[in-house]
Amino acid sequence: MKLAGKTALVTGGTRGIGKAVVWALAREGAKVAFVYTSSDDVANQLVKDLELDQRVAAAYKADVKSRVEADAVVEKVIAAWGQVDILVNNAGIIRDSLLAMMDETAWNDVIQTNLTSVYNYCHAVIRPMMSARKGRIINMSSVASEFGNAGQVNYAASKGGIEGLTRCLATEVARRGITVNAVAPGFIETDMTTAVRNAASDKIKDAIPCRRFGKPEDIAAAVLFLATDDASYITGQVLKVDGGLTLGGM
Ligand code: NAP
């Protein structure tokens, strides 16, 4: 198993892509802690399911927008397991509307949940990772960072910010054995995309060279690769996992 003896922390681990990432890392032998906000029952059930599968897991209720809560979560994981070897900043939301109609709350919620959260958790883990002279940080971006999607100025700004942060932080910590990369999914079958998939499923599939939506497991496989020693010479990159959506072919 490629992650035996490693510990991982995943934000937004109870649903969608985050849940698939939790399973993928755990199945490769990592102890996996995850952060959630909504349902204690769902989080506790996931821990039970992982334990039934002989995996080691822990759930922490925290709002990723809060730096204080991020510090507390990381402190608890380190107290329990000694280190955070792998950080996956996955939690994210959409609050789509045209800018003319977008109120400050929709802007701030998306920027704070998607981008400030990445600062919060990177900041909390970076000193321990630098002391350990090893670490893997994987941030969840989106192909929306480079599309001009009407109604997504907040979301695209948050994901563009994540990609810039990823490159800069990668440069700062590479000599300490820490890699920092991003994964940019295309259209993935999760709660986040239910409405748009219901509204325009065939039209979207026609634009995807692979002619299907991605599954959370497609993204988890990329995250897993970036978390392993196989990816130790890859840093500061944005890996698109989009079935060819951004290739721009006809
Ligand atoms: P999802 O199914 O809606 O799940 C979102 C996750 O984020 C949930 O686990 C949720 O936790 C967590 N979360 C949201 N706000 C939070 C907060 N304030 N504090 C802590 N956790 C919070 O979304 P998804 O589709 O899996 O998306 C995961 C990531 O991939 C996001 O960053 C998203 O932008 C990105 N992405 C998704 C797609 C796609 O097609 N689905 C495409 C590109 C990028 P609770 O359940 O506890 O609320």
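Predicted model: local features only at pLDDT ≥ 70, side-chain atom pairs only at ≥ 80, totals over all residues.
The largest pocket holds about 1,200 Å³ of space. Its lining comprises 49 residues, of which Gly92, Ile93, Ile94, Tyr155 and Met192 are the closest to the centre. Two or more lining residues are given by each of α1 (16-27), β2 (31-36), α4 (104-132), α5 (153-173) and α6 (194-207). The largest share comes from α6, which supplies five residues. Sorted by class, the lining of this pocket has 23 nonpolar, 17 polar and nine charged residues.

Side chains of opposite charge can pair when their charged atoms come close. In this model, the count comes to 11 salt bridges. One of them joins the side chains of Asp230 and Lys2, with an N to O distance of 2.6 Å. Asp230 lies in the loop between α7 (216-227) and β7 (238-241), whereas Lys2 lies in the segment before β1 (7-11), so this pair ties together parts that are 228 residues apart in sequence. Asp230 is partly exposed, at 48% relative accessibility.

A salt bridge is also formed by Lys215 and Glu189, whose closest N and O atoms are 3.2 Å apart. Because Lys215 is located in the loop between α6 and α7 and Glu189 in the loop between β6 (178-185) and α6, the pair ties together parts 26 residues apart in sequence. Both partners are partly exposed, with relative accessible areas of 41% for Lys215 and 34% for Glu189.

Lys65 is partly exposed at 31%, and Asp63 is partly exposed at 26% relative accessibility.

Terms used. Residues numbered from 1 in each chain as written. Heavy atoms only, no water. 1 Å grid on protein atoms, 1.4 Å probe; cavity = no way out; pocket = protein on both sides within 12 Å on 5 of 7 lines; lining within 4 Å. Points joined across faces, edges and corners; volume = space filled by probe spheres on them. Helix = DSSP H or I, 4+ residues; strand = E, 2+ residues; numbered from the N terminus. Nonpolar A, V, L, I, M, F, W, Y, C, P; charged D, E, K, R; others polar. Salt bridge = Lys/Arg side-chain N within 4 Å of Asp/Glu carboxyl O. Buried < 20%, exposed > 50% of the residue type's maximum accessible area, 1.4 Å probe, protein only.
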